[in-house]
Amino acid sequence: MDDCFSCEEGEEHYCSDRDSLDGLENEDSEYDWVPPKGPATKVITKESLLSAQRGDLRKVMDLLSLREHHARTLLIHHRWDVEKLLAVLVEKGKACLFADAGVPLTEDQDLSLSRQSTSIIMCDICMEEIPGHNTTRMDCSHCYCNDCWTEHFVVKINEGQSKRIRCMAHKCNAICDEVIVRDLVRRRHPDLADKFDRFLLESYIEDNKMVKWCPSTPHCGNAIRIEEDECCEVECSCGLQFCFSCLSETHSPCSCLMWELWSKKCQDESETVNWITVHTKPCPKCHKPVEKNGGCNLVSCICGQAFCWLCGGATGRDHTWSIITGHSCGRYKEDQEQKSERAKRDLYRYMHYHNRYKAHLDSFKLETKLRDTIQEKVSVSEEKESALRDFTWVTNGLYRLFRSRRVLLYSYPFAFYMFGEELFKDEMTNEEREIKQHLFEDQQQQLEANVERLSKFLEEPFDEYDEKKVMGVRMHVINLSVVTDTLCKKMYECIENDLLGRLLLGTHNIAPYKSKGIERAAALNAKADESDKCLSLDFGKAGASEPDRPSGSGSLDDDGRSSRKRARKEGLVGALIDLNVPAGGY
């Protein structure tokens, strides 16, 4: 199939309906067909969260012959990145890997000896003699009374550090065994023990850079796990599409930083201030902005102060059309003039990009209403006695319109920052900036022209046309669908190779363009054994000594890094865990 591409309004090349659909996925027909891969993103629900977590735990447990608690400690320390953990193991060795994460090397220590002992032990925390059965010895061999341990655990859980509770001993880096933590805390504070369990379970999401909560409002209870690049756009099973990197709405080809700046610029009063600077002058007495509504250069503020519009200086009221009595301001003030001109230029530049962004946003909103209208047209057309029975070209064309309009919509905020001075002032010379801007705007205008043509043909009342005229509309829609897809690909290639790629700036990565659109995440297969099912249904009620209970540690690392990606309220949770909302929602 030849590429269907048209730069001139009158040029058109036609291809079959099947070719158009194939062209959206792979333009090079000579390549062998490859079976499509499964979705690269997975939806983690409350049913599959435990299964997803235990999958990574088993990898580390089998590889290093560790208990689940220690495997979890290692994974949380390395942000649930198994590949990174293995790389550290190979590079630094097992001893260094364990020491950095706070995992003791002594795996075979019998922790129950201290409780069976009938001797009296001096607790170094409260400085009291305690019977051996009322003390607990951790993996690091430090032994203190149960009361001191319990108070230590309660404080750490309330401080949000329940996933990495360190030993109380001075300069001891070991992480406390979660089974012991749960057992001691549950005796006095069952609610806190449930909260502790909840934090351990959610650590797979909160501490994992490849897993994030869906930002839907109200929260759908799902999390999304990606397999490859963090810079991507995903769709949750609830239907929400968002940028995985910054959790805002999808904004490609804008980078996350560009979109953050643009959103703030559109919402705050920065442009209002610019308008005031350009069109008003401050009163020299009350300093309120005053707008000129006449031709005379002597203006009056509502406070009664008269002043000269040209220089802003206070004057009297005696004046003629040519002069203000006792006032002269004919001398040129360069700084003030330059400041005013700069503000005016910035305002007009912003208005240029914002007006076009807003126009395409309004078009996108209106075109979303076409879905119901087109379905009605298709239903009417299918009832007619005609040889043309397949109307998938209409829905495919509508989908391509939505996707291309989105790209065009966000290309204007991208251009505003790419060719402005806010982000790349020192990265390009004025000549380079001008050349790149012309290159980008040429592609932008081509895409814009073809998107508008596609929108025009999709709005045609084809249900009222005869068969010959419907075939004409059909071929226009098929052709323009491939054209807009090709232009979108070329725009992304231009951005990645000629614009951002040349700057070598890692902070401005953009989500890749996909002809099929944003891929909906598939449900993660929840394969849990019987013990897992018990834990997920009644998490926190089972005995603390059960070996299959998930264990974990650490909410805040030593460097002060917070592992909470969502704001939490430190309320207590009930005995039954509901994963429809994060733990902080209680």
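Which residue in β7 is the bridge partner of Trp213? In β7, Trp213 has Ala223 as its bridge partner. The report below starts from the whole chain, then returns to this pair and the strands around it.

## The chain as a whole

This is a predicted model. The protein chain contains 17 helices and 14 strands. It has 586 residues, and 46% of them are buried. Among the contacts with a separation of 6 or more, 65% are between residues 24 or more positions apart.

## A sheet of four strands

Strands β6, β7, β1 and β14 form an open sheet of 4 strands, in the order β6-β7-β1-β14, and the pairing is mixed. The edge strands are β6 (211-213) and β14, each of which pairs on one side only. Helix α9 (residues 190-206) packs on this sheet and touches β1, β6 and β7. The direction of α9 makes about 110° with that of β6. In general, strands of a sheet pair through backbone hydrogen bonds, in either a parallel or an antiparallel way.

Strands β6 and β7 run antiparallel and are joined by 3 bridges. Besides the pair of Trp213 and Ala223, Lys212 of this sheet stands opposite Ile224 in β7. On the next step, strand β7 (residues 223-226) and strand β1 (residues 41-44) run antiparallel and are joined by 4 bridges. Here Thr41 stands opposite Ile226, and Val43 stands opposite Ile224. Lys42 stands opposite Ala522 in β14.

## The two sides of β7

How do the side chains of β7 point? Ala223 and Arg225 point one way, while Ile224 and Ile226 point the other way. All four of these residues are buried. The general rule is that side chains in a regular strand alternate between the two faces of the sheet.

## Helix α14 and its neighbours

Helix α13 (residues 370-383) and helix α14 (residues 392-418) pack at an angle of about 165°, and their axes are 11 Å apart. An angle over 145 degrees counts as roughly antiparallel, and α13 and α14 are therefore roughly antiparallel to each other. Their crossing is right-handed. On the α13 side, the contact is made by Leu370, Arg371, Ile374 and Val378. On the α14 side, Val394, Leu398, Leu401 and Phe402 make the contact. By class, the residues of the contact between α13 and α14 are 7 nonpolar, no polar and 1 charged.

Helix α14 also packs with helix α15 (residues 430-458): the two axes come within 10 Å and cross at roughly 150°. The crossing of α14 and α15 is left-handed. The contact of α14 with α15 has 13 nonpolar, 5 polar and 4 charged residues.

## A buried arginine

Arg405 has 1% relative accessibility, so Arg405 counts as buried. Leaving aside residues up to four places away in sequence, Arg405 touches His360, Ser363, Phe364, Glu367, Val451, Glu452 and Ser455.

Most peptide bonds are trans, and most residues other than glycine have a negative phi. The following residues depart from these patterns.

A cis peptide bond joins Thr217 and Pro218, with omega about -5°. Pro218 lies in the loop between β6 and β7. A cis peptide bond also joins Ser252 and Pro253, with omega about 15°. Pro253 is in the loop between β9 (241-243) and α10 (256-267).

Arg79 has a positive phi, near 55°, and is placed in the loop between α3 (68-77) and α4 (82-92). The relative accessible area of Arg79 is 18%, so Arg79 is buried. Ser141 also has a positive phi, near 80°. Ser141 is found in the loop between β4 (135-137) and β5 (143-145). Its relative accessibility is 37%, so Ser141 counts as partly exposed.

Notes:
Residues are numbered from 1 along each chain as its sequence is written. This is a predicted model: local features need pLDDT of at least 70, side-chain atom pairs count only at pLDDT 80 or more; totals for chains, interfaces and linings use all residues. Side-chain values use heavy atoms; hydrogens and water are left out. Axes are lines fitted to C-alpha atoms, for helices over the stretch in contact, and angles run from 0 to 180 degrees between N-to-C directions. Angles under 35 degrees count as roughly parallel, over 145 as roughly antiparallel, 65 to 115 as roughly perpendicular and the rest as oblique. A crossing is left-handed if the near helix is turned anticlockwise from the far one by less than a right angle, and right-handed if clockwise. Contact means heavy atoms within 4.5 Å. Ala, Val, Leu, Ile, Met, Phe, Trp, Tyr, Cys and Pro count as nonpolar, Asp, Glu, Lys and Arg as charged, and the others, Gly among them, as polar. Two strands pair if DSSP finds at least two bridges between them. Buried means under 20% relative accessible area, exposed over 50%, partly exposed in between (1.4 Å probe, protein chains only).
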